[in-house]
Amino acid sequence: MTLWRICRAADIMCNGQQQQSYPVLWSFRRCPYAMRARLAINASQCRVHLREIRLRDKPKEFISASPKATVPVLVLPDGHVIDESRDIMIWALQQSDPRGWLRLWQDDPAFCDAFLDRLDGPFKQQLDRYKYASRFEPAIGQQSRQDACVFLAEIDQFLESKASYLSGADFGVLDAATLPFVRQFRGVDEIWFDSQPWPHLHRWLGMFLNSADFGAVMQKYHPWQAGDRVILFPA
Ligand SMILES: N[C@@H](CCC(=O)N[C@@H](CS)C(=O)NCC(=O)O)C(=O)O
């Protein structure tokens, strides 16, 4: 991935904003991948033009920017496309990282990658099978929830014994990358989730859901149409 080259090309577009052109972020409010990208952009103080889409009615301009057609997608002013949420997070925070969100990534990239591979891989699959259990054999939903609990209990343990946040003493990129998925998992059955013996995980999630960061990235926008007024994000 030529992320370094992309970052250099876009250096001037963020933060300093010497130029009037901004990257375009194709996004979907409730998508946890898009949420993590918006969290990092918001924390970086970069600004982008946000284009909200509906997944069931994707604009042709979105598909032509990224034929893979998954959100989030970031299109830089020079035409480069970044279409993986992790890469968008890193791109934004490499432009500017006033809150030190990338610290852990810089100190221990192998740990971050391994953690996110597990989150985006097995945990996400378990989450989908639990959330959309009616599409599978009845036992699969229950088994998937049970399997996912192992990961969540490990996070709870980590938050109890190692650090207040996944990223260390302060909230950082791993927290932002993970919490949207934990929120989605909780949303399947909040009463059951809240009754699980994970006090540190509940505190961590509760702090996130009540944070200004979460509020800033969950604003509602109408789906984008060609010719619409530009939406600057963060507002
Ligand atoms: N690996 C991608 C996954 C993105 C992804 O799967 N996003 C979902 C929405 S949450 C999507 O766009 N799915 C396409 C669809 O539903 O048509 C990333 O990290 O950005």
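This report describes the ligand site, the pockets and some backbone features of one protein model.

The model is predicted, and local features need pLDDT of at least 70, side-chain atom pairs count only at pLDDT 80 or more, while totals for chains, interfaces and linings use all residues. Residues are numbered from 1 along each chain as its sequence is written, and side-chain values use heavy atoms, with hydrogens and water left out.

**The ligand and its surroundings**

| Residue | Polar atom of the residue | Distance to a ligand oxygen atom |
|---|---|---|
| K58 | side chain | 2.5 Å |
| V71 | backbone | 2.9 Å |
| S85 | side chain | 2.6 Å |

Taken alone, the ligand exposes 520 Å², and the protein buries 71% of that area. Such areas come from the Shrake-Rupley method with a 1.4 Å probe.

**The pockets**

A pocket is found on a 1 Å grid over the protein atoms alone, as an open set of points where a 1.4 Å probe fits, with protein on both sides within 12 Å along at least five of seven lines; its lining residues have an atom within 4 Å of a point. The ligand sits in the largest pocket, in the sense that more than half of its atoms lie within 2 Å of the grid points.

The largest pocket holds about 560 Å³ of space, a volume being the space filled by probe spheres set on the points. Its lining comprises 24 residues, of which C31, P32, Y33, K124 and Q184 lie nearest the centre. Helix 2 (32-44), helix 6 (109-131) and helix 8 (173-188) are the elements that give two or more residues to this lining. Helices (H or I, at least four residues) and strands (E, at least two) are DSSP runs, numbered from the N terminus. The lining has ten nonpolar, four polar and ten charged residues.

The second largest pocket contains about 210 Å³ of space. Its lining consists of F28, R29, R30, E52, R54, L55, R56, K220 and Y221, which divide into three nonpolar, no polar and six charged residues.

**Backbone features**

V71 and P72 are joined by a cis peptide bond with an omega of about 0°. P72 is placed in the loop between helix 3 (60-65) and strand 3 (73-75). Another cis peptide bond joins F233 and P234, with an omega of about -5°, and P234 lies in the segment after strand 5 (232-233). Q45 has a positive phi of about 65° although it is not a glycine; Q45 is found in the loop between helix 2 and strand 2 (48-52).

Note on methods: A polar contact is a pair of N or O atoms within 3.5 Å; within protein, one must be able to donate a hydrogen and the other to accept it, and residues adjacent in sequence count only if both atoms are side-chain atoms. Ala, Val, Leu, Ile, Met, Phe, Trp, Tyr, Cys and Pro count as nonpolar, Asp, Glu, Lys and Arg as charged, and the others, Gly among them, as polar.
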